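Trainee: Could you walk me through the charged pairs in this one?
Mentor: Gladly, let us look at the structure together and take the pairs in turn.

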Amino acid sequence: MNDPLAKAEIVALGASHMQAAARIRRVALWQRLPWLPVLHRPEEEEQYWRMHLLPNRAILGAAVENKLVGVIAYGDDWIEQLYVLPDFQGMGIGSLLLGCAKEEMDDIRLWTFQRNTGARAFYERHGFTAEEETDGLDNEEKEPDVCYHWRRLPEPTPGLSG
């Protein structure tokens with residue numbers, strides 16, 4: 001696989017993909033953040049994708065050679081999930097998925113953990129700014145988190161001078 005990004009295909013995901021989507025989240029999250037507690041069984045995570053995310057969010061996947069390697073779930077000005085398998089990180093696949101959400105929304109917020117320095121750097125490279133930090137008491141993991149925000153800048157109006 002010479003250039004995974006060149007071979008990446010963005011596809012809309014349906015019910016038959018939710019087990020794979022949940023697995024990508026689990027593998028990416030726990031490999032990169034091993035200190036997080038494991039709170040749900042794989043079947044419960046799949047059920048969350050199937051029953052909560054699928055009916056309420058757009059869910060896209062990045063496939064390379066017919067293998068799902070990344071997922072994003074977004075809508076209502078929020079990115080709820082964005083994960084890429086560790087072996088495919090740093091190759092532009094997360095940027096490709098994030099770009100799809102940015103094409104559809106003008107104002108986006110998302111949460112990530114404060115200690116997730118890789119994700120924080122990724123979002124900041126894509127124009128997101130940290131808006132709020134919490135002590136984590138309101139999330140399941142009880143891990144301090146940070147809310148990031150991105151807003152599309154208005155297009156300049158031709159012919160007007162400042």
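Mentor: Let us begin with Arg-57, which counts as buried at 18% relative accessibility, and keep in mind that this is a predicted model.

Trainee: Okay, why does 18% make Arg-57 buried?

Mentor: Because buried means under 20% relative accessible area, Arg-57 at 18% falls in that class.

Trainee: And which residue does Arg-57 form a salt bridge with?

Mentor: The partner of Arg-57 is Asp-76, and their closest N and O atoms are 3.1 Å apart.

Trainee: Is Asp-76 buried or exposed?

Mentor: Asp-76 counts as exposed, with a relative accessibility of 60%.

Trainee: Switching topic, how many salt bridges does the structure hold?

Mentor: There are 13 salt bridges in the structure, and one of them joins the side chains of Glu-45 and Arg-26, at 3.2 Å from N to O. Glu-45 belongs to helix α3 and Arg-26 to helix α2, 19 residues apart, and the pair links distant parts of the chain.

Trainee: How accessible is Glu-45?

Mentor: Glu-45 is buried at 6% relative accessible area, whereas Arg-26 is partly exposed at 21%.

Trainee: What about Arg-152, which side chain does it meet?

Mentor: Arg-152 meets Asp-106 in a salt bridge of 2.6 Å, N to O, and this pair links the segment after β7, where Arg-152 lies, with the loop between α4 and β5, where Asp-106 lies, 46 residues apart.

How values were computed
Residues numbered from 1 in each chain as written. Predicted model: local features only at pLDDT ≥ 70, side-chain atom pairs only at ≥ 80, totals over all residues. Heavy atoms only, no water. Salt bridge = Lys/Arg side-chain N within 4 Å of Asp/Glu carboxyl O. Helix = DSSP H or I, 4+ residues; strand = E, 2+ residues; numbered from the N terminus. Buried < 20%, exposed > 50% of the residue type's maximum accessible area, 1.4 Å probe, protein only.
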